[in-house]
Amino acid sequence: MALGNTGAILEERKYLREGDVEISERVFNLIIGGMLLWGFLLNFLTVALFGDQIAAMVYRMNPLIFLIGYIVLVIAGNTMVVRGGAGMSFVGYTLIAAPIGILLCIFLKGVPTSVVKSAVLITAIVTLSFMIAGTIFPGFFLSLGRVLAFSLLFMIVGGLINLLLFRGRGYILYEWLGAAIFSLYIGYDWARANTCARTVDNAIDLSASLYLDIINLFIRVVEIMNRNRK
């Protein structure tokens, strides 16, 4: 679900480009797994070691400056992932994961550790389940691309309207909708990964999409569990 991974770009990734070297399926999957672990480890260390300090620093900042800085980093990282080679894609992936770690410091502040641990476990189970489903039923998941894109747009616009007009009442529906959409996106992006040429660059690029799917799913799971706890 990386911003630049449009259907046209993903279609191009089915074929080796000039200078590309094809790697084995095992190495391809190991790189994807390693990149996902790198993103999650970066987020974990950011929250565990600097969570309180980062949250306090962000609260003291001008919200507009923080938002602009976050958007610039994510857009720059996404551009590097989509358009660069393997080395630049790794840097771009890190530029995407790092600011998300900062957001998690704010988002998880005050959330009980037990809720976070349970959310991690549930997210891992759902992720693995939809990866397996994407492997077994690739045709089904690949057919969902446009539906998922419109569903995500509906969720974002509907959530904003609900927040502005109804002050967030009924927002639980959007939390569940978001969890469902990002779960399906995991299956979709994993099915996409299995159709792309097996290169290091493609493995890193597709890791960025899967990373964003999984992080967004985790956030929805935390929201649902924390709301139910209250």
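Visitor: How many disulfides does the count come to?
Guide: The count comes to 0 disulfides, where a disulfide is a pair of cysteine sulfur atoms within 2.5 Å. Keep in mind that this is a predicted model, where local features need pLDDT of at least 70, side-chain atom pairs count only at pLDDT 80 or more, and totals for chains, interfaces and linings use all residues. Residues are numbered from 1 along each chain as its sequence is written, and side-chain values use heavy atoms, with hydrogens and water left out.

Visitor: Is Cys105 buried or exposed?
Guide: Cys105 is buried, because its relative accessibility is 4%. Buried means under 20% relative accessible area, exposed over 50%, and partly exposed in between, with a 1.4 Å probe and protein chains only.

Visitor: And Cys196, buried or exposed?
Guide: Cys196 has 6% relative accessibility, so it counts as buried.

Visitor: What about the chain overall, how much of it is buried?
Guide: Of the 230 residues in the chain, 44% are buried.

Visitor: How many helices and strands are there?
Guide: There are 9 helices and 0 strands. Both are DSSP runs numbered from the N terminus: helices are H or I with at least four residues, strands are E with at least two. The pattern along the sequence reads α-α-α-α-α-α-α-α-α.

Visitor: What share of the contacts is between residues 24 or more positions apart?
Guide: Such pairs account for 85% of the contacts in the chain with a separation of 6 or more. Contact means heavy atoms within 4.5 Å.

Visitor: Let's do helix packing. At what angle do α3 and α4 pack?
Guide: Helix α3 (residues 63-83) and helix α4 (residues 86-107) pack at about 150°, and their axes are 7 Å apart. The axes are lines fitted to C-alpha atoms, for helices over the stretch in contact, and angles run from 0 to 180 degrees between N-to-C directions. The two helices are therefore roughly antiparallel. For the classes, under 35 degrees is roughly parallel, over 145 roughly antiparallel, 65 to 115 roughly perpendicular and the rest oblique.

Visitor: Is that crossing left-handed or right-handed?
Guide: α3 and α4 cross in a left-handed way. Left-handed means the near helix is turned anticlockwise from the far one by less than a right angle, and right-handed means clockwise.

Visitor: Which residues of α3 and α4 meet?
Guide: Among them are Phe66, Tyr70 and Leu73 in α3, and Met88, Ile96 and Pro99 in α4. By class, that contact has 16 nonpolar, 4 polar and no charged residues. Here Ala, Val, Leu, Ile, Met, Phe, Trp, Tyr, Cys and Pro count as nonpolar, Asp, Glu, Lys and Arg as charged, and the others, Gly among them, as polar.

Visitor: Now α2 and α9, where do they run relative to each other?
Guide: The axes of α2 (residues 25-60) and α9 (residues 200-229) come within 8 Å and cross at roughly 45°. That makes α2 and α9 oblique to each other, and their crossing is right-handed. The residues of this contact divide into 14 nonpolar, 4 polar and no charged.

Visitor: And what about α5 with α9?
Guide: Helix α5 (residues 113-136) and α9 have axes that come within 9 Å and cross at roughly 135°. α5 passes α9 in a right-handed crossing. This contact has 14 nonpolar, 4 polar and 1 charged residues.
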